[in-house]
Amino acid sequence: STAFRFDLHHPGHVSLVVVDVRGHLVRTLVNEVRAGGSHTVNWDGRDDQGRSVAAGVYLYRLQAAGLQYTRAATLVK
């Protein structure tokens, strides 16, 4: 598993998803309003149906406060 950490200066809607390198949605980790402050969200390497995904490179996309960040993460098994 891995942990994604982010800080919000103000409360607001947050979307944190994991997609494969083709852009297909793998897992929605957060899609809700969160309070301001520090947050940690864990991903256990499973998709939205609870199936274990293959090792490889995935992208995680964080949208909050009108901004979007996309970064790569490597899942090693």
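Which residues does Arg34 touch, not counting residues up to four places away in sequence? They are Phe6, Leu8, Pro11, Gly12, Val14, His39 and Val41, where contact means heavy atoms within 4.5 Å. The model is predicted, so local features need pLDDT of at least 70 and side-chain atom pairs count only at pLDDT 80 or more, while totals for chains, interfaces and linings use all residues. Residues are numbered from 1 along each chain as its sequence is written, and side-chain values use heavy atoms, with hydrogens and water left out.

Arg34 is found in strand S3. Strands (E, at least two residues) are DSSP runs, numbered from the N terminus. Arg34 counts as buried, at 19% relative accessibility. Buried means under 20% relative accessible area, exposed over 50%, and partly exposed in between (1.4 Å probe, protein chains only). The side chains of Arg34 and Glu32 are joined by a polar contact of 2.7 Å. A polar contact is a pair of N or O atoms within 3.5 Å; within protein, one must be able to donate a hydrogen and the other to accept it, and residues adjacent in sequence count only if both atoms are side-chain atoms.

His39 is placed in strand S4. His39 is buried, with a relative accessible area of 12%. A polar atom of the His39 side chain lies 2.6 Å from the backbone oxygen of Ala35. Among the residues that His39 touches, beyond those up to four places away in sequence, are Phe4, Asp7 and Arg34.

The largest nonpolar core has 16 residues. Such a core is a set of buried Ala, Val, Leu, Ile, Met, Phe, Trp, Tyr and Cys residues joined through side-chain atoms within 4.5 Å. Those with the most contacts inside this core are Phe6, Val14, Leu16, Leu29, Trp43 and Tyr58. Strands S1 (2-8), S2 (12-20), S3 (25-34), S4 (37-43) and S5 each supply at least two of its residues. In soluble globular proteins, nonpolar side chains tend to be buried together. Trp43 touches residues that include Phe4, Val18, Leu29, Tyr58 and Leu75, with residues up to four places away in sequence not counted.

There are 2 aromatic pairs. Rings of Phe, Tyr and Trp (its six-membered ring) pair if their centres lie within 6.5 Å; planes under 30 degrees apart count as stacked, over 60 as edge-to-face and the rest as tilted. Phe4 and Tyr60 form a tilted pair, 4.6 Å centre to centre with 45 degrees between the planes. Phe4 lies in S1 and Tyr60 in S5, so this pair ties together parts that are 56 residues apart in sequence. Phe4 is buried at 8% relative accessible area, whereas Tyr60 is partly exposed at 23%. Trp43 and Tyr58 form an edge-to-face pair, with 5.7 Å centre to centre and 75 degrees between the planes. Trp43 lies in S4 and Tyr58 in S5, so the pair ties together parts that are 15 residues apart in sequence. Both Trp43 and Tyr58 are buried.

An open sheet is formed by 4 strands in the order S3-S2-S5-S6, with antiparallel pairing. Two strands pair if DSSP finds at least two bridges between them. S3 and S6 are the edge strands, each pairing on one side only. S2 and S5 pair over 7 bridges in the antiparallel sense. Leu62 in S5 is the bridge partner of Leu16.

Ala65 sits in the loop between S5 (56-64) and S6 (67-75). Ala65 counts as exposed, at 74% relative accessibility.
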